[in-house]
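Please look over the sequence and the model shown here. The text then goes through some helix packing and the ligand site.

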Amino acid sequence: MRRPIIAGNWKMYKTIADALELANGLKRELYAIKGVDIVIAPGFTLLDEISDVISGSNINLGAQNAHWEAEGAFTGEASVAQLKELDVKYIIIGHSERRQFFGETNEGVNKRIKAVLSGGLIPIMCVGENLSQREKGNTFSVVQDHLRGGLEGIEKEEAKDIIFAYEPVWAIGTGKTATPAEAQEVHGFIRKKLAEIYDNDTAQSMRIQYGGSVKPDNIEDLIKQEDIDGALVGGASLKVDSFSEIVKKSVG
Ligand code: PGA
């Protein structure tokens with residue numbers, strides 16, 4: 001049985017006071033919840049304070065990106081070591097907003113994932129097609145490219161801890177969710193590809209989140225799907241009520 005994992009991607013929202021309120025609220029609402037991995041990924045400037053708030057709780061700290069080099073002249077980036085120092089455990093890599101607005105490529109994703117793994121942290125690797133790719137019938141080839149490119153040269157032993165997030169770009173922040181059946185179809189495809197790249201046992205043990213307008217009222221139908229092991233939540237992770245409800249519903 002794969003343990004569900006629900007992650008909140010706070011994107012570029014919240015200043016410190018609001019972020020502290022949200023994190024404290026989540027801690028209060030979720031302290032008794034078991035059987036699910038809970039992650040929140042605030043922006044870089046918030047990590048230090050939020051880390052203190054959730055320390056020792058069942059909520060884990062995530063970051064939204066990390067550079068592949070250990071250090072250097074890379075303005076605007078953060079290294080794995082810098083994030084580790086703040087007790088970050090998970091790092092989102094290759095989010096579609098990074099690919100779309102900041103020129104992130106499969107090659108960059110691959111280098112970042114390798115750096116996260118060698119730092120002993122867990123990457124959440126995002127894959128997914130945009131609307132025109134879906135309309136042209138290219139969903140599977142795009143997802144396959146993201147997987148093969150992002151995982152290039154990463155051996156099974158290291159890869160087994162990677163969390164995958166299938167996020168159809170047309171469903172992010174739009175209020176449009178892929179139907180549970182549409183999502184399951186791609187999740188099943190991802191697991192099949194992972195079995196080809198690694199092996200069936202490894203693929204069966206890997207967790208694949210769905211992301212794109214996940215809300216309290218659709219999480220149950222999504223998480224019931226055979227190959228959906230959790231969610232990467234944007235908008236609905238910014239409020240105590242909606243994120244807590246999603247977490248609670250993911251464990252039934
Ligand atoms: P959304 O974002 O839930 O607001 O659609 C999901 C994501 O971008 O990870």
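Is the crossing of H7 and H9 right-handed or left-handed? The crossing of H7 and H9 is right-handed, a crossing being right-handed if the near helix is turned clockwise from the far one by less than a right angle and left-handed if anticlockwise. This is a predicted model, in which local features need pLDDT of at least 70, side-chain atom pairs count only at pLDDT 80 or more, and totals for chains, interfaces and linings use all residues. Residues are numbered from 1 along each chain as its sequence is written, and side-chain values use heavy atoms, without hydrogens and water.

Helix H7 covers residues 139-151 and helix H9 residues 180-197; their axes come within 10 Å and cross at roughly 40°. That makes H7 oblique to H9 (angles under 35 degrees count as roughly parallel, over 145 as roughly antiparallel, 65 to 115 as roughly perpendicular and the rest as oblique). Helices here are DSSP runs of H or I with at least four residues, numbered from the N terminus. Axes are lines fitted to C-alpha atoms over the stretch in contact, and angles run from 0 to 180 degrees between N-to-C directions.

Helix H1 (residues 16-30) packs against helix H2 (residues 47-54) at about 25°, with the axes 10 Å apart. H1 and H2 are therefore roughly parallel, and their crossing is right-handed.

At the ligand, 13 residues form the surroundings, each with a heavy atom within 4 Å. The closest are Lys11, His95, Glu167, Gly173 and Ser213. A polar side-chain atom of His95 lies 2.7 Å from a ligand oxygen atom.

Technical notes:
Polar contact = N/O pair within 3.5 Å; in protein donor to acceptor, adjacent residues only side chain to side chain. Helix = DSSP H or I, 4+ residues; strand = E, 2+ residues; numbered from the N terminus.
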